[in-house]
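Please look over the structure below.

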Amino acid sequence: IETQDKMAKVHWWYYPDSYDEWKSRSEIQGDVPEPPSTPALYTVTARFLRDLVKFNEWMNEEDYVLPDEGGDDGEDEGAAD
């Protein structure tokens with residue numbers, strides 16, 4: 001999410017932001033990803049609502065954004081012709 005000196009703030013997918021923590025950059029592999037663009041309207045999975053109830057805390061919407069299917073509803077993914 002962000003870096004400061006030799007530390008990096010880590011966000012765990014499917015956990016609320018209150019679970020974010022600072023870790024030593026030596027413990028982390030890879031680069032800090034670019035923040036996603038913020039859509040005007042989110043479409044999220046049902047897991048967002050279940051986790052919201054589970055943690056009793058607003059979840060990070062970006063963790064639950066549905067992948068872009070390019071107009072296809074994705075229902076026949078993997079189906080044989």
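The model is a predicted one. Is Asn60 buried or exposed? Its relative accessibility is 12%. The cut-off for buried is under 20%, so Asn60 counts as buried.

Which residues does Asn60 touch, leaving aside neighbours within four places in sequence? They are His11 and Asp17. With Asp17 there is also a polar contact: the two side chains are joined at 2.9 Å.

## Helix α1

Helix α1 spans residues 46-55. Its buried residues are Phe48, Asp51 and Phe55. Viewed down the axis of α1, these buried residues fall within an arc of 70 degrees, so they line one face of the helix.

The face turned away from that buried side carries exposed residues: Leu49, Arg50 and Val53.

## Confidence

The protein chain has an average pLDDT of 80. A score of at least 70 is reached by 81% of the residues. In the protein chain, confidence is highest in α1, at 95, and lowest in strand β1 (residues 2-4), at a mean of 83.

Where pLDDT is low, predicted coordinates should not be read in detail.

Note on methods: Residues numbered from 1 in each chain as written. Heavy atoms only, no water. Buried < 20%, exposed > 50% of the residue type's maximum accessible area, 1.4 Å probe, protein only. Helix = DSSP H or I, 4+ residues; strand = E, 2+ residues; numbered from the N terminus. Arc of directions from axis to C-beta. Polar contact = N/O pair within 3.5 Å; in protein donor to acceptor, adjacent residues only side chain to side chain. Contact = heavy atoms within 4.5 Å. pLDDT = per-residue confidence, 0-100.
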